[in-house]
Amino acid sequence: MKLFEYARAADAREALERFRPGTMYLGGGTNLVDLMRLGVARPDFLVDVTRLPYDTIDADGDGLRIGAAVRNSDLAAHPAVRERYPMLARAVLSGASGQVRNMATTAGNLLQRTRCPYFQDVSRPCNKRRPASGCPAIPGDHENLAILGHSEQCVATHPSDMAVALAALGAQVHVTGPASDRVVPIPGLHRLPGAEPERDTVLTPGELITAITLPPPPPGRSHYRKVRERASFAFALVSVAAVLDVDEASDTVRDCRIALGGVAHVPWRAERAEAALRGAPATEEEFVRAAEAELAEARPLPRNAYKVPLARNLIVRTLQELIP
Amino acid sequence: MAEMTLRVNGSVRELDVDPRTSLLDLLRERLGLTGTKKGCDHGQCGACTVLLDGRRANACLALAVACDGSEVTTVEGLGGAADGDEPHPLQTAFVERDAFQCGYCTPGQLCSAAGMLAERGPSAVTADLTDDPPLTPEEIRERMSGNLCRCGAYVNIVAAIQEAAR
């Protein structure tokens, strides 16, 4: 591991003041420390932001404000999250292990890096790690990588479960920075790889996430389902966060939210599927039609084409379970 | 080098550490507490699990400097008596249930189970998220999924944890 300096910031102002080129903010460290050990992340200076006063979950009007430093386990165990945003609790609980969730923070979960094997292997080229060096995943090991929104430069996926639920809920990310404060929506925080896969998010150097706010829970029933290679402690091959609001008099879909994980460089909000379903009968045929409308733009690679029917079936099954 | 203070198994230690040092390496190489094991060193196997401020954590993923001011309990400090010779109920149950073969993962299993038993709330397999569900074998397996056992002693590990939880 490259030598670095370490400092613990007491508040956001101190963290921002200490930030200089080569600095990274340290949250729970469950991804960053590993990447430093692998030589993928090479900061000169770590500013520890886990002691900033952002470790509470509070009511925010009819919504919820989740501090950036709230640990994943505390988020999933919070009564308001369990009762009002069960999809979010389930997404967080489906990620990582008990130990990792105790350490990992809310903001760190959003900003974790892809688990693409080439990104994590410094002996191999990777456009995300070393721009313009190439992408060996496209001709190589891409079984777990993207089918939607990828580019010729990068087919990495975003690994978070939590972010998929937040994308379906329409969460807002509160950011403070050297110039000003701003609010970035999810989806919107993460970006597609395009020609700049080294940039995972729209955040600029020095910007610091302070909180995530959730609007009031959307009407209807919700669920988070995740398919992975083993029953626990594995990243998603495909996951889906879905909210379905059905008018029971007419059995038609009043509104719905669908977000997919494991398929793209971002938590993928399935807006085409949502549009296809609004006002449509709440039936399996319509769910299939909506899922296929979304996946019509999928561009699978030779060894991850299985994700297209997997995503389709997962969307359909999850929606079927949400019919009242 | 960075100065730091750590309370380890009840003793306060003043330390001067290279910021690159993991909590795991600090415990094993500096403090001689070799009960905590290094398996994968990537947070994937759980052999390095300790209690950090009372909560289970992967010591390999924690930078020691980031633990300044914290309290750490390792497998050496899990027992109840002042001299540490009194086994923790989990340790007794692991022996009685033959919950290991080679034993390498056992310190991490024990610390993880101790942390897990103190946790509240649902897991990924809990049907009703508003519940604090009973600790069924299915719940134990899910909650202990961060601890791998290459010998495959899982059946007895689950039984031992269930017994200690009673």
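**The interface of chains A and B in a predicted model**

Q: How much area do chain B and chain A bury between them?
A: This is a predicted model, in which local features need pLDDT of at least 70, side-chain atom pairs count only at pLDDT 80 or more, and totals for chains, interfaces and linings use all residues. Buried area is the accessible area (1.4 Å probe) that two parts lose on being put together, summed over both. Of the area between chain B and chain A, 53% is on carbon and sulfur atoms, and the total is about 3000 Å².

Q: Which residues of chain B lose the most area to chain A?
A: Together these residues account for 22% of what the side of chain B buries, and they are R20(B), L61(B) and L129(B).
Residues are numbered from 1 along each chain as its sequence is written.

Q: How many residues of chain B are in contact with chain A?
A: Contact here means heavy atoms within 4.5 Å. On the side of chain A there are 37 residues involved, and on the side of chain B the number is 40.

Q: Which residue of chain A forms a salt bridge with R55(B)?
A: A salt bridge is taken as a side-chain nitrogen of Lys or Arg within 4 Å of a carboxyl oxygen of Asp or Glu, and the count between chain B and chain A is 3. For R55(B), the closest N and O atoms are 3.0 Å apart, and the partner is D74(A).

Q: Which strand gives the most residues to the side of chain B that touches chain A?
A: Strands are DSSP runs (E, at least two residues) and helices are likewise DSSP runs (H or I, at least four), numbered from the N terminus. The element in question spans residues 55-58 of chain B and gives 4 residues, and it is strand 4.

Q: Where do E17(A) and R13(A), which meet in a salt bridge, both lie?
A: Side chains of opposite charge can pair when their charged atoms come close. The N to O distance for E17(A) and R13(A) is 3.7 Å. The two residues are 4 residues apart, about one turn of the helix, and both belong to helix 1 (residues 12-18) of chain A.

Q: What is the omega of the peptide bond from I186(A) to P187(A)?
A: Most residues other than glycine have a negative phi, and most peptide bonds are trans. P187(A) is found in the loop between strand 7 (181-185) and strand 8 (208-214) of chain A. The bond from I186(A) to P187(A) is cis, with omega near -5 degrees.

Key:
Chains are lettered from A and ligands numbered from 1 in the order in which they are written. Side-chain values use heavy atoms; hydrogens and water are left out.
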